[in-house]
Amino acid sequence: MSDAQHDSSWRTLVGHFFRSFFRLNFLDDAGEESFRRAMIGLLSGIIALGLFFARLFMAKYAGLSRAPSPDPYRLMVAADQLLMICLSGCAVALITSLILPSIFPDETDFRTLMALPISRRSIFSAKVVALFMFAAIFIGISCLGFGAPFTIVSQRHWATQPLPARLLAHLTASIAACSFIVFALIAIQGLVVVLAPRRWLQRLSVAVQTTLICGVVLSLPLVSRVPTLWSTLDSTPRWLFAVPPAWFLGLQEWTLGARDSYTTALAAAAAAGTAFAVLVAAVCYAVAYQRFDQTVLRRAIDSRPPWWRVAVPAIVHHHPGYDAVRAFTMATLYRSGFHQLVFGGTFAAGLALATDRLLANVGAGDRWFFAAVTGAPLTLMAGAVIGLRLALLLPTNLRAAWIFRFAEDDQTRRYQLDAVRWTFFSLGVVLPALLAVPLHAYVFGLGGAAASFPVVLLLGWILTEMFSIDWRRIPFTCTFLFAKRPPAYTVLMAIVVFGWFVLFGRLLVQSARSGFRPWAVIVGVLTVMAGLLTRYRRATWGQLPLEFEDYLPDAVNPLRLGP
Amino acid sequence: MLEASGLTKRYPALLAVDHVSFTISRGEILGYLGPNGSGKSTTINMVVGLLEPTAGSLTLSGSRLTGQPEEYKRRIGYVPEEPYLYTHLTAPEYLTLVGRLRGFARNAIDRKTSELLRLFDLWDARYQTMSGFSKGMRQRVLLCAALMHSPELLVLDEPFSGLDVNAGMLFRTLLRLFAEQGGMILFSSHRLDIVEQICSRVVILKAGRIVAEGPVDRLRQSYATTTLDEVFAQVTDQDDYSGVARRILDVVHE
């Protein structure tokens, strides 16, 4: 092959790998297109969020510029710069975690590309270049999107450096921080690829990916509290060395000329940490390169049923259609990393919100703290139900869904849909309610927890009934179009439902705990409501055929704000 | 008896199947042949109820697809052309899913599943998800799923692809026995040697229309040939193979 041909095929390969980062294999063509739109929307969202923060900070820094001394300004700028580094890092970490399984050439690449006259070196180098191009887009946009507007609005007369210098230093630090995150994630995935036994590779990879995404989501309440650190920054706390984004704040200050030992040590930690991450990532890539065939080829996945399922016969016998869909749904959720990720990520968002409320109300007085504790299971529940609904909507192996089309039947359809409702209730309601019991027992005592639990379950029951009313799908068997409704509409509806459920539900749980009579009345009323909704659902479910094709709404979405 | 009458499938820019009619009686294996793009898979998708015909009707032992689709589908077992399966499930899990969707009791499914897996030589792989299965193994799982409910009609779209010699021979014997016991089989394949061995009658399709139909022997006599391959080549106007092959090599060597 001539050099020109080699260059051309290598460029083609880079383009192929780059495009594949924007593609999810399980989606059909329409789904892939809408996923790309969603990614572009995400980038626009980062820019919009950066401008929103800038607007928020404008008034704050106008006030600080009128302060008699520069110290509050100086410390506040440092804390907010740390916030911007954290936000950019979170955005990049989230995106990189989403594409984590594609970071290394995989089995498909091995089987399809190694048979072509392309060297292993070309495949690996093309993958690395494509990954860097992909990461560079997100790093660039998130660092500029968050950092530039903030640096401009925080440039006041107390600033000791000119705007271009501050902007350059901040961008250098945040780009370095994001690069550190990308290399750290490559290193983590690389260690999994290189060290995990092959039969565990896929599961471990999925577990690591889910943990990382949940970790990013769960870190958001802590990140949102970074500006409150400003008063402690002057005391040069040692614990900041355990917080990697703070290393890069040190790097920024060092770039701007600060040479004190604390700042220098933070900057050195940033350099050493990045170098270590790069080294581990490079070693993992080198090992994967050397042992390509051994590391990427999957072995059969052993899915032996647990002993108790074999030993204990089924006690309750359900309708076969119900059994079939329930078993299929649970097996898919258990084995599909992507679906676990969607459910786990949204559930983690609920957990993050609940944690945020708790952290925000520690020390704010018993009333507010108790309200936050009472609302915790409801917040978790809302996150779990929304995540579960999204996970069940996303398809897997669409072509295999012919068996469900083939076996569709007027008589069994309702039972099949009942299995979906069971999944919503068990994973979306019972699981979060049980998780919150220890917290309620700790804060309100066993009696308080026991009184709250049935009310929480009934509220969850009503929520899942409302979520199930228009459901006409066997989970994972219908095509799915991302962002088929305007994001603003979806977000607004989600906020309204979420706000209503948590606020109203919290008031009911609090009232129910105040005595036996209110408890009995609330439980009674909620039971009747849940029963009526269940009756309505059972009367209407299954009358229409199941859906196997998603479609774009052909009407505008009215907000119905008028009378 | 399966009776397909005037089956037509029209897409906006394509007439895929044009007034195709055939019958399959009890104990009969009908070979359904045609070059790629001739409308074979479209017909099969209509026969099993996955595609709605633009015109025409399908009746299986008195049940009409349009009037009693569930009763009609209950009598059919289907093996699709590609082994489309939920590969994250194990073979027993998949067969249990299919059995439950067809309304079988759990005990009956467990019993049938165990026996079928043993007989189809899949027992040792029962704990493996099907993502690691070869095409032949997946094909065997699909045949188990198609046979589980003792269907009246088996619809097989290229069922021999990926099978090894032993499994192929088992399949052939099984299909013959199934027909001898009164079952009906609609058998679509490009393997004309197998079609010749097991099918009592064939239908040959070209561009959505039937161009030849009848028992294999009679077709061979009518077209004055010794093999079904030659009949196929004549009726589909693809008999100048050596000329086309020569032209291909000319292009390659240019």
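## A hairpin in chain B

In this predicted model, strands β1(B) and β2(B) form a hairpin with two residues between them. Strand β1 covers residues 2-11 of chain B and strand β2 residues 14-24; the two run antiparallel and are joined by seven bridges. Strands count as paired if DSSP finds at least two bridges between them, and the elements themselves are DSSP runs numbered from the N terminus (helices H or I, at least four residues; strands E, at least two).

## Two helices packed in chain A

Over in chain A, helix α6 (residues 163-195) packs on helix α9 (residues 244-255) at an angle of about 150°, their axes 8 Å apart. The two helices are therefore roughly antiparallel to each other (angles over 145 degrees count as such).

On the α6(A) side, the contact (heavy atoms within 4.5 Å) includes A:Ala169, A:His170 and A:Phe180, while α9(A) brings residues including A:Trp247, A:Phe248 and A:Gln252. The contact residues divide into nine nonpolar, three polar and no charged (Ala, Val, Leu, Ile, Met, Phe, Trp, Tyr, Cys and Pro are nonpolar; Asp, Glu, Lys and Arg charged; the others, Gly among them, polar).

## Confidence

Chain B has a mean pLDDT (the predictor's per-residue confidence, from 0 to 100) of 88, with 100% of its residues at 70 or more. Within chain B, helix α2 (residues 69-74) has the lowest mean, 81, and strand β8 (residues 184-188) the highest, 94. For the complex, the predictor gives an ipTM of 0.70 and a pTM of 0.73.

## Conventions

Residues are numbered from 1 along each chain as its sequence is written, and chains are lettered from A in the order in which they are written. Local features need pLDDT of at least 70, side-chain atom pairs count only at pLDDT 80 or more, and totals for chains, interfaces and linings use all residues, with side-chain values using heavy atoms and leaving out hydrogens and water.

Conventions
Axes fitted to C-alpha atoms, helices over the stretch in contact; angles between N-to-C directions. Parallel < 35°, antiparallel > 145°, perpendicular 65-115°, else oblique.
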